[in-house]
Amino acid sequence: MNREFLSVDNMPFCGGCGHRTVAQSLEKALGRMKDLNPLDVVVVTDIGCIGIIDKQFKTHTVHGLHGRSTALAAGISMGLSEENKKVITLIGDGGATIGLQHVIEAAQRNIDMTVIVHNNMLYGMTGGQPSGLTPCGFKTPIMPEGKPMRGHDLCKLVHAAGAPYARRLIAIGDFSDVIEEALKIKGFSFIEAMEICPSYGLKYNPTRKLHEIAEEAGLEIKLWENKIGQRDDNSYRHVTINSLFDEIQPLEVNFKSDFRGRYSLLLSGSAGEGVQSAAELLSKAVISCGLSATKKGTYPVTVGVGFSTSEVIISSDPILFTGISSPDAVIVVSKDGLNKVKSSVSEMRQGFLYIDSDLNAPETKAKILSSDFRKPFGAKSAALLALLLFLSREKLIPVEALSEQVKASGIGKKIDIEKLLSCLKD
Amino acid sequence: MKTMSKRFIDGSRIIVESAVRTGADIFIGYPITPANLIYLYASRRFKNVIPAPDEITTLQWMAGFSATGKIPVTATSFPGFALMVESIGMAFMMELPMLIILVQRLGPSTGTATGSAQGDVMLVNGVNSGGYHLPTFCVSNFEDCWKLPSAAVKTAVKLRTPVILLTSKEMVMTLQDFDTDSLEEIKPVEREFYEGQEEFMPYHPKENKVPHFLHVGNPRHQVRMTASTHDRKATLQHSTQEAISNTKRLREKMTENLKDYTYYDYEEDGNENLVFSFGTTSLASRDAVKILRSNGKKVSLLVAKTLFPIPDDYLRIITKHKKTVIAEENLTGQYRELLFGRMGKNEVRGVNAIGRMIRPEEIVEEVKR
């Protein structure tokens with residue numbers, strides 16, 4: 001098999017560009033890996049001058065978006081199941097800046113890939129603007145007086161994130177041995193190749209040498225290592241269930257109801273007090289009577305505080321529209337709940353308001369029925385007790401249908417349903 | 001007493017089960033209300049689930065998995081979708097199959113996370129620079145939650161493209177009694193990989209304008225992919241004839257195969273009135289049509305399930321009727337405007353609302369008006 005990995009002739013780079021030097025060393029390094037063939041390698045290139053190198057490669061190549069090549073390559077690495085594949089990202093300092101999160105994430109997850117950052121300290125393709133890696137004092141066309149703040153030390157960042165291998169080098173001469181070393185790492189390896197852009201870097205910083213720039217910026221030319229045992233990029237595979245439908249029991253029709261038509265109910269209380277679960281049990285009870293039901297919850301985005309309101313529709317026909325134009329009954333079991341539904345209650349022209357006796361009912365044309373929901377057994381039983389009282393009065397379905405659902409659910413262990421039922425006799 | 005096998009279930013559960021049974025094999029998740037139930041169920045049902053650190057990474061990882069021959073799925077809502085848009089364009093250009101479930105909530109911006117809406121129609125219409133549609137399906141009821149994710153995955157594979165499944169908070173979070181046992185069996189998608197001996201050209205189209213697929217990392221042929229304008233070999237081109245014709249093909253493959261993935265419900269009842277809807281509002285539309293018919297009014301019903309590219313059938317059906325009422329839960333009637341522009345069309349009227357569901361009575365009233 002032809003083992004040419006990339007053609008280093010006619011490369012699309014300016015004379016004196018470090019990208020060429022990196023490519024030459026990469027070709028040598030790949031060629032030295034005896035068990036590796038071009039089709040074992042996937043090269044993912046970024047946007048910018050380095051991005052257009054992909055046509056030189058005889059490997060698989062993917063040319064993506066600016067800064068995203070590390071994430072794209074991470075997806076490819078995780079998707080490949082064979083161990084012998086090599087995934088290489090070629091990216092510039094601009095790409096590494098916009099995609100910093102992707103680099104850190106891949107390092108932290110120790111994804112099996114090699115990232116080579118071609119750090120020529122500016123955006124070369126777009127006119128030499130400074131990047132997040134441009135060192136303090138380095139001059140560019142839009143900052144001819146020099147960048148006022150320091151750049152990221154990428155090697156230290158990926159090292160801190162847990163990368164087993166991170167090395168900064170000066171991209172002059174042959175450093176294929178270093179690239180080979182990085183490619184052989186089982187896990188995440190990272191190379192930052194320091195270059196100077198011949199078009200903009202040299203022009204604005206004519207007297208400066210790469211070594212001096214790196215030294216003055218505190219960018220050490222060295223290897224950072226982390227000892228990490230097992231790679232974890234396959235750890236997402238896990239045991240699953242065979243059907244999401246099997247998780248929920250079908251509901252048997254065990255009760256009878258003479259109710260015909262459509263009835264809508266608002267149950268409103270406080271978050272964490274069992275409003276949603278009570279409404280769900282009521283709906284199941286309705287279905288166990290051969291009727292149809294829908295249930296939805298409304299609560300603040302913070303979930304655990306404030307109001308918690310549930311809408312339940314009961315119908316003898318299949319339910320299409322799942323909204324409530326005007327509720328037939330509103331059940332309010334707490335102050336939070338009252339505040340949420342106050343305007344709906346005020347707008348009611350008929351129907352019933354069941355409200356805890358400690359709360360003041362708003363002006364409404366609905367018939368007001370005040371009872372103790374919270375006092376008998378506390379806040380956590382209030383919604384359920386209110387529903388039982390509601391059913392015993394309205395007789396839409398038998399009270400037993402609901403108490404059966406409570407007993408069959410986990411709530412039956414926490415709440416003594418018999419005690420609640422005893423309240424109905426009073 | 002009669003025993004029925006109804007379950008009290010939400011649309012999220014049905015959608016995830018459908019996608020997995022069709023052969024989607026990896027879910028990349030990033031949490032956002034109201035798409036979280038889909039992520040939760042996916043974590044139990046998909047063999048591979050990876051939590052991503054953000055939505056840009058989500059789409060990039062999905063593209064990476066797709067390039068290796070997997071079928072990735074994610075679910076999000078507008079704020080997350082907005083971050084994905086650039087990468088969706090990339091996956092579209094690279095012709096990578098995947099499924100993106102977009103659960104609409106009330107906007108603009110972060111709007112109301114727990115409020116339902118149908119406000120992302122224009123967004124999905126314009127997701128690609130240059131006016132290239134992604135196949136976009138919209139679920140209108142629980143049966144659709146079963147059928148359409150499967151159709152979406154199959155379309156993604158068949159057309160080598162990202163596909164959007166549009167839904168809303170109301171559809172994926174509301175619990176309802178539903179008979180899951182009588183659902184039709186889903187057959188897994190059959191994938192074809194290039195098996196020829198000749199050089200593999202990743203963007204050389206077959207007769208149906210879709211290129212063969214072969215995954216990166218395979219030991220037989222070099223595979224090249226790119227997001228930039230390219231020829232059949234995926235070599236970057238400025239604007240050569242071959243490259244421009246490849247770019248045009250990206251639209252042609254969607255429109256010329258549209259019949260294969262056009263889904264809608266149509267009940268013809270005379271040629272006087274038509275109620276047209278999609279998504280959650282189609283439930284109110286179905287109720288409205290029932291009410292109107294019980295009052296002796298002749299009224300046809302069209303429920304669109306393939307939203308983009310817009311099938312010609314919809315225009316044909318609308319033209320057949322003297323009056324059409326299009327109901328959608330957004331401010332301006334986005335789909336209506338896409339069909340007829342801002343000038344509108346005589347006898348095509350809209351029923352619209354935001355921050356609440358459209359009620360059947362409102363549709364009835366507009367038909368009677």
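About 6100 Å² is buried between chain B and chain A, and carbon and sulfur atoms supply 60% of that. Buried area here is the accessible area, taken with a 1.4 Å probe, that two parts lose on being put together, summed over both. On the chain B side, R7(B), F8(B) and W61(B) lose the most area to chain A, together 11% of what that side buries.

A quick word on what you're looking at: this is a predicted model, where local features need pLDDT of at least 70 and side-chain atom pairs count only at pLDDT 80 or more, while totals for chains, interfaces and linings use all residues. Residues are numbered from 1 along each chain as its sequence is written, chains are lettered from A in the order in which they are written, and side-chain values use heavy atoms, with hydrogens and water left out.

**Where the two chains meet**

Chain B brings 77 residues to the contact and chain A brings 67, with contact meaning heavy atoms within 4.5 Å. There are 34 residue pairs in polar contact across this interface, both residues at pLDDT 80 or more. A polar contact is a pair of N or O atoms within 3.5 Å; within protein, one must be able to donate a hydrogen and the other to accept it, and residues adjacent in sequence count only if both atoms are side-chain atoms. Helix α3 of chain B, residues 55-67, gives the most to the side of chain B that touches chain A, namely eight residues. That side divides into 36 nonpolar, 19 polar and 22 charged residues. Nonpolar covers Ala, Val, Leu, Ile, Met, Phe, Trp, Tyr, Cys and Pro; charged covers Asp, Glu, Lys and Arg; the others, Gly among them, are polar.

**Salt bridges**

Over all chains the count comes to 47 salt bridges, and three of them cross the interface of chain B and chain A. The rule asks for a side-chain nitrogen of Lys or Arg within 4 Å of a carboxyl oxygen of Asp or Glu. Here are some of them:

| Pair | N to O distance |
|---|---|
| E170(B) and K296(A) | 2.6 Å |
| K305(B) and D144(B) | 2.8 Å |
| E242(B) and R232(B) | 3.2 Å |
| K375(A) and D372(A) | 3.7 Å |

K305(B) sits in the loop between β13 (300-304) and β14 (306-308) of chain B, and D144(B) in helix α6 (residues 142-159) of chain B, so their pairing ties together parts 161 residues apart in sequence. Both K305(B) and D144(B) are buried. Buried means under 20% relative accessible area, exposed over 50%, and partly exposed in between (1.4 Å probe, protein chains only). K375(A), by contrast, counts as exposed at 55% relative accessibility, and D372(A) is partly exposed at 35%.

**A helix in chain A**

Now for helix α11 of chain A, residues 382-394. Helices are DSSP runs of H or I with at least four residues, strands are runs of E with at least two, and both are numbered from the N terminus. Among the buried ones are L384(A), F390(A) and E394(A).
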